[in-house]
Amino acid sequence: MTNFLNNFNNLNNVNNTVNLNNTGTLSNVGNKIKIGPTVTMFVPYDCNNACPFCVNKDEYRDTSDFSIERCYKSLDILNRIFPHNDIVLTGGEPLADLDILQDILEHIEDTHNIYINTTLPTNDSQDERLIAKTLNKFKDKISCVNVSRHLRHYVKECSDEIFDMLDVRHRINCVVFEDTDEQKLKAFLDRFKGYEIQLRANYSKLSLDNVFMTENDDLFKLISSVANYEGQLEQELFRTGFMFKYDGDTVVTYHKTLPYSKINGKVGDIIIRQTGYIYDDWNNYGEKLDINSLVELPY
Ligand code: SF4
């Protein structure tokens, strides 16, 4: 799951009055305060998908230096610096191994909001019931499970019945491509009516010039044509969102985020790579983080 997804990198809770702020102000998401930048951990477990917009897939081609042990050490170090920030588990696939996922969740202190980006992968050894049971065990610890479902079937999808089995907060996350029209979008929104839905632009097309704008934004116009616009979510260093209501009460957010998180030297997201090493940005943009820089930044 890509973190934009993802991360979503990170997930604005539209039901809360205060949102995340990557420039370092204190925010309140769910019931926990957030101080400091989000830590996004790319789990060292691949998904079996090949989404065309994925910017993480290359990282999973060579797994020889992957280390979950180093990931734990990095989580511990960052927990000591930022005991109250958000943590996003992404990949790859955080639910590729449910035992290890539980171990990771138990390892993370209760002071953090935890977000998980996943496709909810099923196979011979884990069906929908087992996945739901595992996630529900941590319903008080997980702030949101962000589930990738797209207009085209880029990911292997399990039965939609799983959504009714989940007691943990979850949200449908969909990357919308340029060829989507009103009819296709409405069919998708109808499929998930009543759930939280997050629509995302193809982030590889976004830049600092257009990420915060709605003018000349075809996707914004398309969503506006089928749903009622309610307002803009907080603008962060490298992302923002817009909230809509579809057919009554279905909350739809349109999320825009850059494919990088460091702007003018400011670190938006701290990344734990699959190797367990800590980076200052995603993918090819990132460099190993100078931990000293964290004590200089005004978080
Ligand atoms: S599910 Fe798709 S977007 Fe997510 S990591 Fe796999 S290939 Fe990339």
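This is a predicted model: local features need pLDDT of at least 70, side-chain atom pairs count only at pLDDT 80 or more; totals for chains, interfaces and linings use all residues.
**Entry 1: rings around Phe-53**

I then looked up Phe-53 and Phe-177, whose pair is tilted, with the centres 5.9 Å apart and 45 degrees between the planes. Phe-53 lies in the loop between β3 (38–42) and α1 (68–81), while Phe-177 lies in the loop between β7 (170–175) and α5 (182–191), so this pair ties together parts that are 124 residues apart in sequence. I checked the accessibility of Phe-53 and Phe-177, and both are buried.

Phe-53 has a further partner in Tyr-203: the centres are 6.3 Å apart and the planes stand at 90 degrees, so I record this pair as edge-to-face. Tyr-203 is in the loop between β8 (196–200) and α6 (218–226), and the pair thus links parts of the chain 150 residues apart. Tyr-203 is buried, as is Phe-53.

**Entry 2: charges over rings**

Returning to Phe-177, I found the charged end of Arg-152 over its ring, 5.5 Å from the centre. I noted a second case at Tyr-279, where the charged end of Arg-273 sits over the ring at 3.9 Å from its centre.

**Entry 3: helix α6**

I listed the buried residues of α6, which are Leu-219, Phe-220, Leu-222, Ile-223 and Val-226. They cover an arc of only 160 degrees around the axis, which puts them on the same side of α6. I followed their packing and found α5, β8, β9 (228–232), β10 (239–246) and β11 (250–257) as the elements they pack against. Phe-220 also belongs to an aromatic cluster with Tyr-229, Phe-242, Phe-244 and Tyr-254. At the N-terminal end of α6 I found Asp-217 as the cap, with a side-chain oxygen 3.0 Å from the backbone nitrogen of Leu-219.

**Entry 4: the nonpolar core**

The largest nonpolar core holds 81 residues, and Leu-89, Leu-120 and Leu-135 touch the most other members. For Leu-89 I looked up the contacts, leaving out residues up to four places away in sequence, and found among them Met-41, Leu-101, Ile-104, Ile-108 and Ile-116.

**Entry 5: backbone exceptions**

Most residues other than glycine have a negative phi, and most peptide bonds are trans. I therefore went through the exceptions with this expectation in mind. Leu-120, not a glycine, has a positive phi of about 55 degrees; this residue is in the loop between β5 (113–118) and α3 (128–137) and is buried, with a relative accessible area of 0%. Asp-247 likewise has a positive phi, of about 45 degrees, and is found in the loop between β10 and β11, but at 52% relative accessibility Asp-247 counts as exposed. The peptide bond from Gly-91 to Gly-92 is cis, with omega near 10 degrees, and I placed Gly-92 in the loop between β4 (86–90) and α2.

**Entry 6: two aspartates**

Is Asp-269 buried or exposed? At 0% relative accessibility, Asp-269 counts as buried; this aspartate is found in strand β14 (residues 269–272), and its side chain makes a polar contact of 3.1 Å with that of Thr-40. Asp-99, in helix α2 (residues 98–107), counts as exposed at 61% relative accessibility. I also noted that Asp-99 and Thr-134 are 8.9 Å apart in space, C-alpha to C-alpha, and 35 residues apart in sequence.

Technical notes:
Residues are numbered from 1 along each chain as its sequence is written. Side-chain values use heavy atoms; hydrogens and water are left out. A nonpolar core is a set of buried Ala, Val, Leu, Ile, Met, Phe, Trp, Tyr and Cys residues joined through side-chain atoms within 4.5 Å. Buried means under 20% relative accessible area, exposed over 50%, partly exposed in between (1.4 Å probe, protein chains only). Contact means heavy atoms within 4.5 Å. Rings of Phe, Tyr and Trp (its six-membered ring) pair if their centres lie within 6.5 Å; planes under 30 degrees apart count as stacked, over 60 as edge-to-face and the rest as tilted. Helices (H or I, at least four residues) and strands (E, at least two) are DSSP runs, numbered from the N terminus. A charge sits over a ring if NZ of Lys or CZ of Arg is within 6 Å of the ring centre and within 35 degrees of the ring normal. A polar contact is a pair of N or O atoms within 3.5 Å; within protein, one must be able to donate a hydrogen and the other to accept it, and residues adjacent in sequence count only if both atoms are side-chain atoms. The arc is that of the directions from the helix axis to the C-beta atoms.
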